[in-house]
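Let's take a walk through a protein together, one stop at a time. Have a look at the sequence and the model below, and keep them in view as you read.

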Amino acid sequence: MECPDFYTNLYKLFQIEIFHMKYKARFFHMADIFLASTHLQMSLVASFVKKIARLSLKVPAESLPLCVKFIYNLIHRHPSLEILLDAPDRMDLTTDPFLPDEQDPLKTDALKSSLWEIQTLTHHILPDVSYVSKDLYEKGIRLQGTERDISGFLDKTYSDLFKGESRKQISAEVALNWEAPIGLKFANNDFTSTIFEFA
């Protein structure tokens, strides 16, 4: 079966709305398969990399590790795209030649751009996000031999993210200014109710 302009149509599907749909996990699983070939044009894959990087500035926090690992795998399959990680003269929105509204992935000028969006995520408040972003942006691809497994991040929700962060033990003493909430009520089986203790 042949689908005309298959990758152009796939590229058009990468919109912010996809991160709020119930089939997000299936979409990224299938997109990973479709973009697995190492014989795809470099400019085509660069457009997907830049599109996902630009979307990562707006997606929900629980989807950020998925975005970064997805980008990591695309660059791993196409090592020549590492040039996107080192472009000091194109490090913000005003100097980025990438055309996010272009519908044809071969005409986005993605290869002239850089992944400054991922560098921005290296300073994210969530440790999981900043860690995977530094893994890509600072360490690069060359010294790391395998692709990243994205299966554990396909169905990750905000609740999973909250549970993971709340279970972490903090070894250092942290100054807190905490006042117990008044009138805040949770359902009996809600995970959040186990976090707060009311006097």
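**A guided tour**

Methionine 42 is partly exposed, with a relative accessible area of 30%. You will find methionine 42 in helix H3. Together with Ile83 and Leu111, Met42 forms a nonpolar patch on the surface, and the three have about 220 Å² of accessible area together. Please keep in mind that what you are looking at is a predicted model.

Now step back and take in the whole chain. How many helices and strands does the protein have? The count is seven helices and zero strands, so reading from the N terminus the elements run α-α-α-α-α-α-α. Of the 199 residues in the protein, buried ones make up 41%. The protein exposes about 12,100 Å², and carbon and sulfur atoms supply 55% of that area. Contacts tell us about the fold as well: among those with a separation of 6 or more, 74% are between residues 24 or more positions apart.

A search of the whole structure finds 10 aromatic pairs. One of them joins tyrosine 11 and phenylalanine 48 in an edge-to-face arrangement, 5.4 Å centre to centre and with 90° between the planes. Because tyrosine 11 lies in helix H1 (residues 6-13) and phenylalanine 48 in helix H3, this pair ties together parts that are 37 residues apart in sequence. Both tyrosine 11 and phenylalanine 48 are buried. Another pair is made by phenylalanine 14 and phenylalanine 70: their ring centres are 6.5 Å apart and their planes are at 50°, so this pair is tilted. Here too, distant parts of the chain are linked, since phenylalanine 14 is in the loop between H1 and helix H2 (24-34) and phenylalanine 70 is in helix H4, 56 residues apart. Ring pairs link Tyr11, Phe14, Phe19, Phe27, Phe28, Phe48 and Phe70 into a cluster.

Next come the charged side chains. Side chains of opposite charge can pair when their charged atoms come close. The structure holds six salt bridges. In one of them, the side chains of aspartate 32 and arginine 77 meet at 2.7 Å, N to O. This pair links distant parts of the chain, with aspartate 32 in helix H2 and arginine 77 in helix H4, 45 residues apart. Aspartate 32 and arginine 77 are both buried.

Which residue forms a salt bridge with lysine 50? The partner is aspartate 96, at 2.8 Å, N to O. Lysine 50 belongs to helix H3 and aspartate 96 to the loop between H4 and H5, 46 residues apart in the chain. Both of these residues are buried. Glutamate 117 forms a salt bridge with arginine 54, with their closest N and O atoms 3.1 Å apart. Glutamate 117 lies in helix H5 and arginine 54 in helix H3, so the pair ties together parts 63 residues apart in sequence. Once again, both partners are buried. Salt bridges that share partners join Lys50, Arg54, Asp96 and Glu117 into one network.

Serine 56 is found in the loop between helix H3 (42-55) and helix H4 (64-77). With a relative accessible area of 2%, serine 56 is buried. Its side chain reaches the backbone oxygen of alanine 53 at 2.4 Å. Serine 63 lies in the loop between H3 and H4 too, and is buried, with a relative accessible area of 0%. Setting aside neighbours within four places in sequence, serine 63 is in contact with Phe19 and Lys24.

Our last stop is the loop between H4 and helix H5 (116-121), where proline 105 is found. Proline 105 is buried, with a relative accessible area of 2%. Proline 105 and tyrosine 7 are 98 residues apart in sequence, and 7.9 Å apart in space, C-alpha to C-alpha. Aspartate 109 lies in the loop between H4 and H5 and is partly exposed, with a relative accessible area of 32%. Phi of aspartate 109 is near 60°, a positive value in a residue other than glycine.

Methods: Residues are numbered from 1 along each chain as its sequence is written. This is a predicted model: local features need pLDDT of at least 70, side-chain atom pairs count only at pLDDT 80 or more; totals for chains, interfaces and linings use all residues. Side-chain values use heavy atoms; hydrogens and water are left out. Helices (H or I, at least four residues) and strands (E, at least two) are DSSP runs, numbered from the N terminus. Buried means under 20% relative accessible area, exposed over 50%, partly exposed in between (1.4 Å probe, protein chains only). A polar contact is a pair of N or O atoms within 3.5 Å; within protein, one must be able to donate a hydrogen and the other to accept it, and residues adjacent in sequence count only if both atoms are side-chain atoms. Rings of Phe, Tyr and Trp (its six-membered ring) pair if their centres lie within 6.5 Å; planes under 30 degrees apart count as stacked, over 60 as edge-to-face and the rest as tilted. Contact means heavy atoms within 4.5 Å. Accessible areas come from the Shrake-Rupley method with a 1.4 Å probe; for residues, only the protein chains shown count as cover. Patches are made of residues with over 30% relative accessible area and no salt bridge: like charges are joined within 9 Å, nonpolar side chains (Val, Leu, Ile, Met, Phe, Trp, Tyr) within 5 Å. A salt bridge is a side-chain nitrogen of Lys or Arg within 4 Å of a carboxyl oxygen of Asp or Glu.
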